[in-house]
Amino acid sequence: MRLTVTTWNINSVRLRIDLVARFIKAMRPDVLCLQETKCPDEKFPLTRLKRLGYTNIAMNGQKGYHGVAVLSRLPFEAFDIQVFCQKSDCRHISVVLGERAGLRDPITLHNFYVPAGGDVPDPQINAKFAHKLAFLDEMRDCARLRPNGSDRAILVGDLNVAPLECDVWSHRQMLKVVSHTPIECEKLAAVQSSGGWVDAMRTFVPEPAKLYTWWSYRSPDWRTVDKGRRLDHVWVASALADRLSGICVTKESRGWRRPSDHVPVTATIEA
């Protein structure tokens with residue numbers, strides 16, 4: 001069975017529901033994982049999404065900030081929410097796809113929105129940066145994020161770290177900028193290593209090729225200047241590494257009317 005999974009920081013699902021619909025009509029992923037939905041669960045645009053064929057929806061949202069959701073054309077076996085740093089700030093949700101979705105062996109899908117970390121990369125004076133570092137440490141130590149050799153799992157989301165030199169437009173100029181500081185890159189690498197996760201995007205676009213998923217709103221000529229970062233990620237457990245068959249970054253969505261500053265990333269897995 002071919003399974004397509006998209007991750008997208010939508011930066012307000014209600015404000016950009018027309019863009020979600022446009023993307024869905026063009027790509028029709030089996031599962032769409034959204035971050036920064038900025039929407040309490042009771043106001044999520046369920047009716048519109050169900051009309052588009054996404055009748056299975058798991059949400060973890062709040063008013064105005066953060067929020068994650070999984071929209072699926074396939075039924076779930078279960079869904080769950082993990083709290084990190086003792087904060088109920090809506091940054092994680094997971095679902096299990098199994099027999100009801102047509103899979104012989106189940107797949108657990110984690111959807112994350114890691115804290116951005118503010119502007120100053122010093123945890124002593126910036127509580128937001130301290131929170132981000134602590135969040136990454138808890139991800140590293142989380143038993144649920146350590147699939148064993150036979151566990152089939154996928155981890156996606158806006159992880160808010162561009163870990164490789166070729167994940168930013170200028171490694172040298174970004175070393176002191178939050179999202180690419182050495183300590184953030186080291187901590188994200190530790191999360192990946194502790195779980196044995198495979199970076200699906202770099203499987204298909206290996207280093208040293210540049211690869212971005214985010215372009216700042218502050219750059220009106222974003223396409224020409226192209227000062228991007230790869231903040232959005234798709235990781236798979238080792239049991240699925242040889243099942244990856246494609247990655248698509250929908251860069252053109254950054255040029256749509258009133259866009260998110262992130263673009264969708266879609267992985268195809270022969271599940």
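Me: Among contacts between residues at least 6 apart in sequence, what share joins residues at least 24 apart?

Reply: Happy to start there: in this predicted model, 68% of those contacts in the protein chain join residues at least 24 apart.

Me: Why is Val234 called buried?

Reply: Buried means under 20% relative accessible area. Val234 has a relative accessible area of 1%, so the label applies.

Me: Where does Val234 lie, and which residues does Val234 touch?

Reply: Val234 belongs to strand β12, which covers residues 232-236. Leaving aside residues up to four places away in sequence, Val234 touches Thr7, Ile154, Leu155, Val156, Val198, Asp199, Ala200, Met201, Val265 and Ala267. A contact here needs heavy atoms within 4.5 Å.

Me: How do you know that the chain agrees with a compact globule?

Reply: For 271 residues, a compact globule would have a radius of gyration near 18 Å; the protein chain has 17 Å, so the two agree. Along the principal axes, the C-alpha atoms fill a box of roughly 50 × 45 × 35 Å.

Me: What share of the chain counts as buried, and what makes up its secondary structure?

Reply: Of the 271 residues, 55% count as buried. The secondary structure comes to 7 helices and 14 strands.

Me: What about the surface and the charges?

Reply: The accessible surface is about 11,900 Å², and 49% of that belongs to carbon and sulfur atoms. As for charges, the chain has 38 positive and 30 negative ones, and their mean positions are 7 Å apart.

How values were computed
Residues are numbered from 1 along each chain as its sequence is written. This is a predicted model: local features need pLDDT of at least 70, side-chain atom pairs count only at pLDDT 80 or more; totals for chains, interfaces and linings use all residues. Side-chain values use heavy atoms; hydrogens and water are left out. Helices (H or I, at least four residues) and strands (E, at least two) are DSSP runs, numbered from the N terminus. Buried means under 20% relative accessible area, exposed over 50%, partly exposed in between (1.4 Å probe, protein chains only). The radius of gyration is taken over C-alpha atoms; the globule rule is 2.2 Å times the number of residues to the power 0.38. Accessible areas come from the Shrake-Rupley method with a 1.4 Å probe; for residues, only the protein chains shown count as cover. Lys and Arg count as positive and Asp and Glu as negative; His and the chain ends are not counted. The place of a charge is taken as NZ of Lys, CZ of Arg, CG of Asp or CD of Glu.
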